[in-house]
Amino acid sequence: MIYLGADHRGFSLKVKVKQWLADWGYEYIDMGNTELKLDDDYPDFAAAVAKAVILRQAQGQDSRGVLICGSGIGIAIAANKIKGIRAGTGTDPKQISAAVNDEDLNILAVPADYLSDDKSQEIIKVFLNAKFSGEERHLRRLKIIQAIENG
Amino acid sequence: MKIYIGTDHKGFRIKEKLKVWLNDWGHEVEDFGAFGLNPDDDYPDFASKVAEKVSENPDSTRGIVVGATGEGEAIVANKFRNVRASVYYGGPEEIIVLSRDHSDANVLSLGVLFLDQETIKKMVKLWLEKPFSGTERHRRRMAKIKEIEDHHGKAS
C-alpha cells in the first residue's frame, strides 16, 4: 500500500501521482490534503502518512509513503520525527535508489517546486521499485538508528 | 558560531577540508569524528553525536554531517528533539536557502558522492549565512513538528 500526502504546494502534483500509481498498478490511499488550501501545514500530512506507513508495516505488510511539498525539506524533517520512519528527499533518481538500497527508505519526500513532472515520475518510480539490499553492514546501521529512537 | 561536524568514512576527507574552511570563516568547530578512515564505521554513531549537541542548543549552534547520499545522516539527526536536518546532494541553491528561510534547518546533511568540493564549500557558506525568515506560518509549522516529537518521537 502506498500512502500519499501533500500540502498546498504539492497538491497539483499529488493529483498526477495518483494517476501514475493507478497506471502502474499500485494501491494507494490519499491522506490529504483533500482540497487545495493555501494555509495548510505540511507537518499534518507528514504525520498522517508516517503513522499509516508504520501501522501497516507493524501488521507485516509492505508499505511506503510519498510526501510532496514545495522543497521536500520540511515534510521529510517532520516525517523522520516518527519512530520507524526513514524519509529521504528526492531530486536525483540515482541518489534515491542508493538510499533505498542502503537506508531502506520507507518515505520519499518530493520537492514539487524543483522537479518537472517527468522527473518526479521517474524518481517516484525508482523509489517504489528499489529494494533494500539487506546487507549486514546496512542492517547494523539501521539497528543503531532503532536504538537511538528507543534511547 | 559553534558548529559540530561528523561523518563516516565516506565523508572523512571532505570533513578535514570543512574544518579548515569553517575556521577561516571565524566559526568554532567541534569534530565528532570519524578520526580515521575506517570503511567499517557506521554513520549513525557520528550523526547522532552531532545531533545530540545541536539538540541541546538548537538556536545558537549548528551541525554539519556528511555521508554518501546524506539521507541516512539526516534521518538519524532528525530523530533528535529540536533538530531539523535538511539534505543537500545537488540541485539549485534555492534548496539551501529554503532549508534556512522556511525550515530553520540547524543541521545540514551533505551527500558527498553527488557533490564536488567547490559546490560543498559554496553551499555550506550560504547555509551558514542565510537566516530563518521567522514568519508566522513557518513558526506554526515548526510548532507542529514539536508536537509530533512530543507524541511520536524519540523517548528522551
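Which residue forms a salt bridge with Asp104(B), and how far apart are the closest N and O atoms?

Reply: The partner is Arg84(B), and the closest N and O atoms are 3.1 Å apart. Keep in mind that this is a predicted model. The pair links distant parts of chain B. Asp104(B) sits in the loop between α4 and β5. Arg84(B) sits in the loop between α3 and β4 (85-88). The two residues are 20 positions apart in the chain.

Are these two residues buried or exposed? Asp104(B) has a relative accessibility of 13%. The cut-off for buried is under 20%, so Asp104(B) counts as buried. Arg84(B) is buried too, with a relative accessible area of 9%.

Now look around this salt bridge. The loop between α4 (94-101) and β5 (107-111) of chain B also holds His102(B). His102(B) has a relative accessible area of 17%, so it falls in the buried class. Set aside its neighbours within four places in sequence. His102(B) is then in contact with Phe132(B) and His138(B) of chain B, and with Arg9(A) of chain A.

On the Arg84(B) side, the loop runs between α3 and β4. Helix α3 covers residues 71-78 of chain B. Eight of its eight residues are buried, so the helix is largely enclosed by the rest of the structure. Among them are Glu71(B), Glu73(B) and Asn78(B). Gly72(B), Ala74(B), Ile75(B), Val76(B) and Ala77(B) are also on the buried list.

A search of the whole structure finds 29 salt bridges over all chains. One of them joins Lys81(A) and Glu149(B), at 2.7 Å from N to O. Lys81(A) lies in the loop between α3 (74-80) and β4 (87-89) of chain A, and Glu149(B) lies in helix α6 (residues 136-152) of chain B, so this pair joins two chains. Both ends are covered. Lys81(A) is buried, with a relative accessible area of 2%. Glu149(B) is buried at 6%.

Another salt bridge stays inside chain B. The side chains of Asp31(B) and Lys19(B) meet at 2.7 Å, N to O. Here, too, the pair links distant parts of the chain. Asp31(B) is in strand β2, and Lys19(B) is in helix α1 (residues 12-24), twelve residues apart. Asp31(B) is buried, with a relative accessible area of 16%. Lys19(B) has a relative accessibility of 22%, so it counts as partly exposed.

Return to Asp104(B) and Arg84(B), which link the α4-β5 loop to the α3-β4 loop in chain B.

Rings come next. The structure holds two aromatic pairs over all chains. In one of them, Tyr4(B) and Phe32(B) have ring centres 5.8 Å apart and planes at 50 degrees, so the pair is tilted. Tyr4(B) belongs to strand β1 (residues 2-7) of chain B. Phe32(B) belongs to the loop between β2 (28-31) and α2 (43-56) of that chain. They are 28 residues apart, and the pair links distant parts of the chain. Tyr4(B) is buried at 6% relative accessible area. Phe32(B) is buried at 17%.

Charges also sit over rings in chain B. Arg62(B) lies over the face of Trp127(B), 4.7 Å from the ring centre. The charged end of Lys125(B) sits over the ring of Trp25(B), 5.9 Å from its centre.

Last, a word on chain A, which supplies Arg9(A) as a contact of His102(B). Chain A has six helices and five strands. Along the sequence, its pattern is β-α-β-α-β-α-β-α-β-α-α. Its radius of gyration is 14 Å, close to the 15 Å that the globule rule gives for 151 residues, so chain A is as compact as a globular protein of that length. Of those 151 residues, 56% are buried.

Key: Residues are numbered from 1 along each chain as its sequence is written. Chains are lettered from A and ligands numbered from 1 in the order in which they are written. This is a predicted model: local features need pLDDT of at least 70, side-chain atom pairs count only at pLDDT 80 or more; totals for chains, interfaces and linings use all residues. Side-chain values use heavy atoms; hydrogens and water are left out. Rings of Phe, Tyr and Trp (its six-membered ring) pair if their centres lie within 6.5 Å; planes under 30 degrees apart count as stacked, over 60 as edge-to-face and the rest as tilted. Helices (H or I, at least four residues) and strands (E, at least two) are DSSP runs, numbered from the N terminus. Buried means under 20% relative accessible area, exposed over 50%, partly exposed in between (1.4 Å probe, protein chains only). A charge sits over a ring if NZ of Lys or CZ of Arg is within 6 Å of the ring centre and within 35 degrees of the ring normal. The radius of gyration is taken over C-alpha atoms; the globule rule is 2.2 Å times the number of residues to the power 0.38. Contact means heavy atoms within 4.5 Å. A salt bridge is a side-chain nitrogen of Lys or Arg within 4 Å of a carboxyl oxygen of Asp or Glu.
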